Amino acid sequence: MGNEAVTAVLADYALGDVARHVTGEALRQARDTLLDTVGVALAARDSVLVAVLAKTHAGSAGAAGSTIWTSGRRADPEIAAMVNGATAHALDYDDTNESIRGHLASTIWPVLLALGEEIRPSGRALAEAYVVGVRAAVAVADGMAIDDHYARGWHSTSTVGVVAATCAAARLLGMSAAQTRHALGLAGSMASGSRQNFGTMTKPFHAGLAARNAVLAATLARAGFEANPSMLEGPLGYYALMAGRARLAQVARSLDEAWTPARHGVSLKNYAVCYNLHRMCDAMAALKARTGLRPGDVERIDVAIEPQGKAPLIHSRPGAALECKFSAEYVLAALLHGRGLGPADFGDGILEHEALRSLMRRIEVCEQKMPPAGAPEWLEGYAVVTVTLRSGARLTERVDNPKGHWGAPFSREEIARKFRDCVAFGFPGADAAGLEEEILAVTEADRFEGFSRLPAQVPGRG
């Protein structure tokens, strides 16, 4: 694997001058993802995951500690980060990044806000730490064949996320280079997350574990706890265990490159399902809007997607609501039956409709290197949906960049509308506009002291 000192390279980057990477585009992403992350977490308020976490890690009613967003209670920073991270990923409605094949904000922002409530940093410091976390995640993923890592069953949101979030935490806390290397050594040992758990509450819990472990790694190392300072690149270390084909020299090159949407940008979600389903969802929605397509018109549906596009879609015949979020068959049938695939569309009983189940059995998904329609080129992925009607006619639609993708971004109003809808779903009647204003001001504030307008903190809203 070579002798590249990846642990030291990441530590030096995390603590160094990142001004040239904190561009206006990066700052806008920090602000937008902070708003989106808090919003999707609040929308998950009534989920079973949140209820179970509340029983086991309820926090205290005192003034000390960090805020659990959905309850307003306080807990030690690592517990607050864990609960908020898991809650932000609970609905699978949080942002994604193709470079890591996973989610960024639900592992990074819970860490920074939990620690931020303790040390009261400037908004600029929070934004810089977020940028460090994003760039570290992309660089860590670049050090391995990320598709192979993912194909072997690792959930990169957690395995990559814990290392990246530790870098972000180290910067925010102003740790030394030696402390940061020890923190990364700890994070490398705590990296975990299996895709076998997709479709269960444990999948979003991976984001919470990554956030908790990042806080724990940073605070332990800051207090003098030691780990192997070459853990990531060592012969028995992180990359040796997880990478398959490591390319460690790429980490430093990645950290030096300019910020670009294609590498460091995120895609905000328009549906509360696995992101690999969004292209086909947009294609089906477009067909339905253009032709008036109805379930009874359909003989069969064939979907072609890019190679490895089926990797996270492990529930072709789902048996539970959470499994439906990883089922192409379910989401396409549900869209045709008028379901919007938002937070409200995944309650108990969603598979009891016999006509929907019948349509699911007539949907097939295959991976193809060459798209069967449109241009032969594609960047991150594509979906071609072909509907064969009972009349024998065929309808086809292709989507490469779904709505919310960095190449087809939400407008400012669409980002705000999603946030307000999420708050209204979790906390009907809450002052979403007031909270939105407070969150959007965070990255420019002189001092971050937490959120005062979380609905759970307002009398009568908890």
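Figure 1. Leu 351 counts as buried because its relative accessibility is 16%, where buried means under 20% relative accessible area, exposed over 50% and partly exposed in between, with a 1.4 Å probe and protein chains only. The model shown is predicted, so that local features need pLDDT of at least 70 and side-chain atom pairs count only at pLDDT 80 or more, while totals for chains, interfaces and linings use all residues. Residues are numbered from 1 along each chain as its sequence is written, and side-chain values use heavy atoms, with hydrogens and water left out. Leu 351 belongs to the loop that joins helix H16 (328–336) to helix H17 (354–360); helices (H or I, at least four residues) and strands (E, at least two) are DSSP runs numbered from the N terminus. Beyond residues up to four places away in sequence, Leu 351 touches Pro 318, Gly 319, Ala 320, Cys 324, Tyr 330, Arg 357 and Met 360, a contact being heavy atoms within 4.5 Å. Ala 320 is 31 residues from Leu 351 in sequence, with 7.7 Å between their C-alpha atoms.

**Figure 2. Helix H16 and its cover.** In H16, 9 of 9 residues are buried, and the helix is mostly covered. The buried residues include Tyr 330, which is also one of the residues touched by Leu 351. Among the elements that cover the buried residues of H16 are helix H14 (278–291), strand E3, helix H15 (321–324), H17 and strand E4 (363–367). Just after H16, Gly 338 adopts a positive phi of about 90°.

Figure 3. Strand E5 (residues 383–389) is largely enclosed by the rest of the structure, because 7 of its 7 residues are buried. In a regular strand, side chains alternate between the two faces of the sheet. In E5, Ala 383, Val 385, Val 387 and Leu 389 point one way, whereas Val 384, Thr 386 and Thr 388 point the other way, and all are buried. E5 pairs with strand E3 (residues 298–305) in the antiparallel sense over 7 bridges, two strands being paired if DSSP finds at least two bridges between them. Within this pair, Leu 389 of E5 stands opposite Val 298. E5 also pairs in the antiparallel sense with strand E6 (residues 394–399), over 6 bridges, and Val 384 has Arg 398 in E6 as its bridge partner. The hairpin of E5 and E6 has 4 residues between the strands, and Gly 392 in this hairpin takes a positive phi near 100°.

**Figure 4. Two loop residues other than glycine with positive phi.** Arg 120 has a positive phi near 55° and is not a glycine. Arg 120 occupies the loop between helix H5 (105–119) and helix H6 (123–142), and its relative accessible area of 32% makes it partly exposed. Gln 308, likewise not a glycine, has a positive phi of about 70°. The loop that holds Gln 308 runs between E3 and H15, and at 31% relative accessibility Gln 308 is partly exposed.

**Figure 5. The protein chain as context for the close-up views.** The secondary structure of the chain comprises 19 helices and 6 strands. Buried residues account for 57% of the 462 residues. The C-alpha atoms fill a box of roughly 70 × 60 × 40 Å along the principal axes.
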